Amino acid sequence: MMRLAGKLLVSAYALAIYGFIFLPVVVLVLFSFQATSFPIPPFTGPSLRWYETVLADTRLTSALFNSVLVALLSSALAVALGFLAAWGFARHHLPRSGLLRGLITLPLTVSYLIIGMGMLILFNAAGIPRSLVAAGIGHVVINLPLCFAIIYSQMGDHQVNIERAARDLGAPEWKVLFLVSVPVLWPAIFASFFLSMTFSWDEFVISFLLTRFDTTLPVEIWNLLRSGLNPRTNAIGSLVFGVSIVFALLLELAFLRRSRR
Amino acid sequence: MTGPLVEIRKLSHSFGGHRALDEVSLHVEPGSYTVLLGPSGSGKTTLLSIIGGFVHPDEGSVFIRGNDFTRTPPAQRPTATVFQDYALFPHLSVGNNVGFGLRMRGVARAKRVGRSREALAMVGLADSYHKMPHQLSGGQRQRVALARSLVVEPAVLLLDEPLGALDLKLRRQMQDELKALQKRVGTAFIHVTHDQEEAMALADHCIVMNDGRIEDQGPPERVYSRPASRFSATFMGESTLLSGKVLDLGTDEIRIDTRVGLLSLAGAGEPGFDVSLAIRPEHITLVPEPGSVSLGEAAVTDVVFQGSFKRVSAVSAKDPGVAFIAKLRSSQPVAVGDTVTLYASPAEMVLLSR
C-alpha cells in the first residue's frame, strides 16, 4: 500500500516537472494549428493555415535562410578554431597554459548581452557595419569556447602515441592532423558542431544588436511579436522548435556512437 | 657495410631538474637484438625516444648507418617504433593501419595492399586485413603494430615495453615469436623492458641501465654470470651481496674480510679497497660441496615453493645486515625459523668493485 502511494507520488512529481518544462511548448505548438485568428482557447483547429502564411512570407523565409547560413558558417568556424586551440593546448607546452585556457573559456560565463554590446561598440569604432557577418562573428565568439572545451576534454593523452605513430611512419604534421587527429576526435567535433548550430539557431540578443536589414529568424520573430500574439508566431515558433529538436537528435546520435565504442 | 648500425655518442638529457640520461654511449650491430633493461626511471625509455626522434637530447649525438640523425624528426628517420599501447589508428582497418607508412611514402595503392597483406601474413594475421583494431585481442593488436612498423623496412625497429600490457602466459609466447620474427626479417631490434627474464630470453646484447647510466652491457649469459656492478648483479637475476675489504694479495688470490668471515678467491685488487662479492642463488647450498667454503650460520626467514625449486631467504647469524638468497632443490627439507649453515664455492663468486 505504502509502496503504491510512493509510486503514485513519484509519478505525479515527474509529471509536474515535465509538465512545467514542456507545457508552454505544447501550448505553443497546439495553437499553431489554430483555425481562427487568435491563439487562445478554445482550440478550433487543426489547420495548416498559419504555416501556409508563414511560408508565403518572404521576410520570414529569408530570415530562416539567413539563420541557417549564419548557424552553419559560424559553427564551422568555431569548431575549426576550437579544435586548433585544443590541439595546441593539449600537444604543446605553452607558458601559463592554465591561465590561457581559462581565458579562452571565459566567454561561456559572460552574458550574451555584454558580449553583444561590447562587439557593437567595437564594430562601431572600427567602422564595421551591422550585418549578418557581424552577427556570425558574434556567434563564433560565443561558440568557440564551447567547442574548445568539448574537444579539449576528449583530447586525452592516449591519443598522443597515435599521433606519434603517424609521425613515425612518415606523416607530415598536416597529415597527422587530417588523417589521424580529426578522425579520432570525430565524435567530439561532430557534437560541438551541432551544439554550436543549436545555440546559433536560437540566439537572439547578439543577432538583435549586430544585424540591421537582413536579420536572423529569432530577431524577425521578435519583430512579429511586437504587433501582438497571433497563430503565425506560434507556427514559426513551432518550426524553430522542430529544427532545434533535429539538432538535439543529431547531437545525441554523435554521443551515442561514441559511447558504444 | 662497416661499423655499427646505430652509434650513440655521449647522450645526456634532463627533464626539468632530473638527469634522465648521463653521457650514455653504445653501439648496435646490424641484425642484432638489443635489450635495454632497467627499472622505471633508469632512462631506458628516454634513450629509445631519442633514437626514435621523439625527444631531442641536450647533448650527444645519434648516428644511424654513419649519418647524424640527432635532430631529425621521426618522419625522416630510418627507424620505426612499436609503442607500449600499440597506438593503432582506431578509425582505420587493420590493413589500412599496416599500409599507413607506405601511403605516407607515396606507394601506389595496389602495391600497398600487397605488401600490407604480406606483412600481416608474416605475423600470422593474414585473415584480419578488413577487421577493425577494436575487434582484435591484445596479442593480435601487438602483431598488427609489429607488422605496421616492419612493412616500411626500417633500419632499426624500436620496441617500447612491447609486451608490458599482456598477461604472463601471452607475454612468454609473444617473446618467442618476437625472437623468431627478428631472426627471420634480420632487422636490428632495440627493445626496452624492465623484465629481466624477457631480457635474458630475447637479447643478443643486453644493456643494463640505472639512473641514466649504463651499468653493464654484453651477451646476457656474461651479464648474468659475471655482472659488472652491484646493481647489475641484483637487477639481472638475484644475488646475495657480501660487502668487505681487501686484506692482502697472494699469488693469483686475494683475501677479503667480509661480514661473514674471511674468504679467499682468485682476482686482483688493492689492500684496503671496499669490494662486494655477488653470489647467485643457485650457487648457495646447505651442504658442503668440493671446493666450497662456509658462509656461516643463518636463520631462514622465508621459503617460497616455486615448483622445481624453493626460494629461500635467510639472515646471517653473524651480521643481520647480510641477507642470503638461495635456490634449493624442492626436496630439501627447510622451513622458516630453521638455522642452517650455508656454503658456496669461491669460484662462483663475482668480485665487484662498484
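1. A residue is called buried here if 20 or more other C-beta atoms lie within 10 Å of its own, exposed if 12 or fewer do, and partly exposed in between, with the C-beta atoms placed from the backbone. With 20 C-beta neighbours inside 10 Å, Glu161(B) therefore counts as buried. This is a predicted model, in which local features need pLDDT of at least 70 and side-chain atom pairs count only at pLDDT 80 or more, while totals for chains, interfaces and linings use all residues. Residues are numbered from 1 along each chain as its sequence is written, and chains are lettered from A and ligands numbered from 1 in the order in which they are written.

2. Glu161(B) sits in the loop between strand E7 (156–160) and helix H5 (168–185) of chain B, where helices (H or I, at least four residues) and strands (E, at least two) are DSSP runs numbered from the N terminus. Glu23(B), also not a glycine, has a positive phi of about 50°, but the residue belongs to strand E2 (residues 18–28) of chain B. Is Glu23(B) buried or partly exposed? With 14 C-beta neighbours inside 10 Å, Glu23(B) counts as partly exposed. As background, most residues other than glycine have a negative phi.

3. Turning to chain A, its secondary structure comes to twelve helices and zero strands. The C-alpha trace of chain A spans about 70 × 70 × 30 Å along its principal axes, and buried residues make up 35% of its 261 residues. Two residues are taken to be in contact if their C-beta atoms, placed from the backbone, lie within 7 Å; of the contacts in chain A with a separation of 6 or more, 76% join residues 24 or more positions apart.

4. Helix H8 of chain A (residues 173–184) can be checked for its length and its facing. The expected span of a helix is 1.5 Å times one less than its number of residues, so the twelve residues of H8(A) should span 16 Å, and the 15 Å between its end C-alpha atoms agrees with this. The buried residues in H8(A) are Val176(A), Val180(A), Ser181(A) and Val184(A). Seen down the helix axis, the buried residues of H8(A) fall within an arc of 85°, so they line one face of the helix; the arc is that of the directions from the helix axis to the C-beta atoms. Trp174(A) and Phe178(A) are exposed residues on the face of H8(A) turned away from its buried side. The cover over the buried residues of H8(A) includes helix H3 (58–91) and helix H7 (160–168) of chain A.

5. Which residues does Cys147(A) contact, leaving aside its neighbours within four places in sequence? They are Ala78(A), Val79(A), Gly82(A), Ser192(A) and Ser196(A). Cys147(A) lies in helix H6 of chain A and, with 27 C-beta neighbours inside 10 Å, counts as buried.

6. A nonpolar core is a set of buried Ala, Val, Leu, Ile, Met, Phe, Trp, Tyr and Cys residues joined through C-beta atoms within 7 Å. The largest such core has 109 residues, and those with the most contacts inside it include Ile151(A), Leu37(B) and Ile190(B). Helix H6 (residues 132–154) of chain A gives the most to this core, with eleven residues. A second, separate core of 25 residues includes Leu242(B), Leu295(B), Ala326(B) and Val350(B). Not counting residues up to four places away in sequence, Leu37(B) touches, among others, Thr193(B), Cys206(B), Val208(B) and Met236(B).

7. The contact between the chains takes 17 residues from chain B and 15 residues from chain A. On the side of chain B that touches chain A, strand E6 (79–82) and helix H2 (94–104) of chain B each supply at least two residues, and H2(B) gives the largest share, three residues. That side of chain B divides into eleven nonpolar, four polar and two charged residues, where Ala, Val, Leu, Ile, Met, Phe, Trp, Tyr, Cys and Pro count as nonpolar, Asp, Glu, Lys and Arg as charged, and the others, Gly among them, as polar.

8. Chain B is assigned domain 1 (6–234) and domain 2 (238–352), with bounds that come from an automatic or database domain assignment. The centres of domain 1 and domain 2 of chain B, taken over C-alpha atoms, are 38 Å apart. Six residues of domain 1 of chain B are in contact with seven residues of domain 2 of chain B.
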